[in-house]
Amino acid sequence: AQSVTQLGSHVSVSEGALVLLRCNYSSSVPPYLFWYVQYPNQGLQLLLKYTSAATLVKGINGFEAEFKKSETSFHLTKPSAHMSDAAEYFCAVSDSSSSVVFGAGTILRVKS
Amino acid sequence: KAGVTQTPRYLIKTRGQQVTLSCSPISGHRSVSWYQQTPGQGLQFLFEYFSETQRNKGNFPGRFSGRQFSNSRSEMNVSTLELGDSALYLCASSSGARGHNNSPLHFGNGTRLTVT
């Protein structure tokens with residue numbers, strides 16, 4: 001069975017600072033990995049996905065994530081935080097036969 | 001292309017009643033999944049339909065049911081509502097073919113259900 005662990009339910013950064021949101025996964029087969037973002041009163045939007053083509057994945061809004069098999073990690077980063085990045089972020093995993101499993105989410109706060 | 005549409009947006013029901021939520025997927029998408037989102041439990045998978053067949057089911061009681069129509073639209077039903085069913089119910093569609101789950105999910109804005 002697959003699972004996802006997001007370290008830190010809340011992360012706070014200053015505007016312009018590096019954003020790092022951590023995600024570790026567990027999967028018995030090569031996984032597909034995703035990051036989604038949710039703004040208040042909205043559904044989730046895809047930020048980026050990993051499907052084994054390249055270990056460093058670039059997404060929308062300047063976000064990127066690196067797949068590290070040895071660490072079973074897929075951390076999300078952005079070099080410089082913007083106020084509009086404040087939202088809740090979800091890491092998710094699936095494989096070729098199962099549905100998507102989401103992590104518990106990390107709320108990102110950006111301080112001015 | 002229109003996005004995933006969920007109706008109604010907000011719903012208030014009383015304990016013991018039943019409710020039906022509707023989801024229209026993105027045109028061409030044949031897979032529809034439903035999730036329950038609450039502050040305490042996060043996003044929990046309810047079920048997934050593909051071409052009118054339930055492909056996967058989460059760990060929810062039988063009071064939660066769903067179906068998918070030939071046009072890929074989906075409904076979920078909750079019978080004998082309990083206070084704990086208050087949540088945001090999210091529907092997501094994808095173009096993923098059977099057994100090919102690298103297709104991202106496209107979410108609607110959800111139905112906020114409040115049970116009093």
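**Where the two chains meet**

Modeller: Between chain A and chain B there are 5 residue pairs in polar contact, counting pairs in which both residues are at pLDDT 80 or more; that confidence limit applies because this is a predicted model.

Biologist: Which strands of chain A each supply at least two residues of the side that touches chain B?

Modeller: Those strands are β4 (32-38), β5 (44-50) and β9 (87-94) of chain A, and the largest share, 4 residues, comes from β4(A). By residue type, this side of chain A divides into 8 nonpolar, 10 polar and 2 charged residues.

Biologist: How do you know how many residues of chain A and of chain B are in contact?

Modeller: Contact requires heavy atoms within 4.5 Å, and by that criterion 20 residues of chain A are in contact with 20 residues of chain B.

Biologist: What is the area that chain A and chain B bury between them, and what part of it is on carbon and sulfur atoms?

Modeller: The two chains bury about 1600 Å² between them, with 51% of that area on carbon and sulfur atoms. The size of an interface is often given in this way, as the accessible area lost when the parts come together.

Biologist: How many salt bridges are there between chain A and chain B?

Modeller: The count of salt bridges between chain A and chain B is 0.

Biologist: What is the secondary structure of chain B as a whole?

Modeller: Chain B comes to 0 helices and 11 strands.

Biologist: Why is chain B called as compact as a globular protein of its length?

Modeller: The radius of gyration of chain B is 13 Å, close to the 13 Å that the globule rule gives for 116 residues, so chain B is as compact as a globular protein of that length. Of these 116 residues, 52% count as buried.

Notes: Residues are numbered from 1 along each chain as its sequence is written. Chains are lettered from A and ligands numbered from 1 in the order in which they are written. This is a predicted model: local features need pLDDT of at least 70, side-chain atom pairs count only at pLDDT 80 or more; totals for chains, interfaces and linings use all residues. Side-chain values use heavy atoms; hydrogens and water are left out. Buried area is the accessible area (1.4 Å probe) that two parts lose on being put together, summed over both. A salt bridge is a side-chain nitrogen of Lys or Arg within 4 Å of a carboxyl oxygen of Asp or Glu. A polar contact is a pair of N or O atoms within 3.5 Å; within protein, one must be able to donate a hydrogen and the other to accept it, and residues adjacent in sequence count only if both atoms are side-chain atoms. Ala, Val, Leu, Ile, Met, Phe, Trp, Tyr, Cys and Pro count as nonpolar, Asp, Glu, Lys and Arg as charged, and the others, Gly among them, as polar. The radius of gyration is taken over C-alpha atoms; the globule rule is 2.2 Å times the number of residues to the power 0.38. Buried means under 20% relative accessible area, exposed over 50%, partly exposed in between (1.4 Å probe, protein chains only).
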